[in-house]
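Please read them alongside the coordinates shown here.

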Amino acid sequence: MATPGQWIAGARPRTLPNAIVPVMVGTGVAVGEGGFVWWRAILALLVALSLQIGVNYANDYSDGIRGTDDQRVGPMRLVGSRAATPRQVLTAALGSFGVAAVLGLILVIATQAWWILLVGAACIAAAWFYTGGSRPYGYRGLGEVAVFLFFGVVPVVGTTYVQTEQLSWAALIASIPVGLLSCSMLVVNNLRDVRTDGETGKRTLAVALGAERTRTLYVACQIVPFVVALAMIPITPWAALVLLAAPLAISPIRVVLSKAVGPALIAALQQTGKLQMAYGLLFAVGLSLVF
C-alpha cells in the first residue's frame, strides 16, 4: 500500500502551477473587465487542479503499465515503483476527472453555456490520451501542442468566460504566454527524460528534436511570454509588471544551456515552476488594473 506521502508525491505537486496560473490570469482579465465572480473563480480553480492531478495519475498509470517508468530519473511514480497497483492509480485518476466534471457542471448550469460540456469532455479526453490508449499522442511529439491549448488557451479564456459570460480577446492574447510557460515545464521535463524516453520508445518532442534543439525551444518558451506582455503595454501599461519576474528566468535558462542532463535538470524544473507562478501572479494583477 502506498503511503499518503507517496500519493501526494504521485500527484506531482510541483506541476500544479500549470493549473493555478491560467485561472489567476483569466480571473485577472475578468476583474479588469468588471465581471469578477469570486465563487466561479474558485470553482474554476478546483476544476483545473482536479484535471491536473487527474492527468498526473493517468500518466503514472499509462506509463507504468507500459514499462516506460522502469528506468525513471525524475520523481517517483506510483505504478513504476510498485508502491501502488495500476488499478489503484487508475481509480485515483478517474476519481480526479470525476471531481472536475461535477464542479465543471456547476459552472455550466450557472452560465447556461451548455457548449462548455464539449470543452470539458475535450479536456478530459486530452488528459487521458496523452499517454493512454493504443496511440497516445504524448508518444508522438504532440504533448506541447496539447499543453499550450489545455493549460493555456482553454483555461484562461474559460475562466474569464464563466465569470463575465463573454468571450474576451484580452483573455485569448493573455493565454499565449501562459500556454508557453506551461509548455516550458513539459519541455524541461522531457529534456530530463530524453535518454530514457528514447530507449523505451516514448517519442516525445524532445526525443524527435534532440537535446540541443530542445534546449533552444525551452529558452524560447521562457522569453516569448515576456515579449507578449511587453506588446500588451499599449493596451495595459501594467502588463510591464511581469518584468519583475524576469530575473527568475536566468537560473533555469543557465542550467538548461549548460548541457545539464538527467537529474541535474530537476532544479531547472523547480525553478521554472517558481517563474511560472511569479509571472502568472504579476500578469494577473496587471490585467486586473487595465480595462
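1. Glu165 is partly exposed, at a relative accessible area of 37%, whereas Arg40 is buried, at 10%. Here buried means under 20% relative accessible area, exposed over 50%, and partly exposed in between, with a 1.4 Å probe and protein chains only. Arg40 and Glu165 form a salt bridge in which the closest N and O atoms are 2.9 Å apart; the term denotes a side-chain nitrogen of Lys or Arg within 4 Å of a carboxyl oxygen of Asp or Glu. Arg40 belongs to helix α3 (residues 38-66) and Glu165 to the loop between α6 (143-164) and α7 (169-192), so the pair ties together parts that are 125 residues apart in sequence. Helices (H or I, at least four residues) and strands (E, at least two) are DSSP runs, numbered from the N terminus.

2. On the basis of the contacts: the model is predicted, local features need pLDDT of at least 70, side-chain atom pairs count only at pLDDT 80 or more, and totals for chains, interfaces and linings use all residues. Residues are numbered from 1 along each chain as its sequence is written, and side-chain values use heavy atoms, with hydrogens and water left out.

3. The whole structure contains 6 salt bridges. Asp63 meets Arg77 in one of them, at 3.7 Å from N to O. Asp63 lies in helix α3 and Arg77 in the loop between α3 and α4 (86-111), so this pair ties together parts that are 14 residues apart in sequence. Both Asp63 and Arg77 are buried.

4. Asp63 also forms a salt bridge with Lys202, at 3.2 Å from N to O. Since Lys202 lies in the loop between α8 (194-200) and α9 (205-209) and Asp63 in helix α3, the pair ties together parts that are 139 residues apart in sequence. The relative accessible area is 1% for Asp63 and 7% for Lys202. Shared partners join Asp63, Arg77 and Lys202 into one salt-bridge network.

5. The structure holds 0 disulfides, a disulfide being a pair of cysteine sulfur atoms within 2.5 Å. For Cys123, the nearest cysteine sulfur is that of Cys183, 15 Å away. For Cys183, the nearest cysteine sulfur is that of Cys221, at 5.4 Å. Cys183 is buried, at 5% relative accessibility.

6. The charged end of Arg66 sits over the ring of Tyr139, 5.2 Å from its centre; the criterion is NZ of Lys or CZ of Arg within 6 Å of the ring centre and within 35 degrees of the ring normal.
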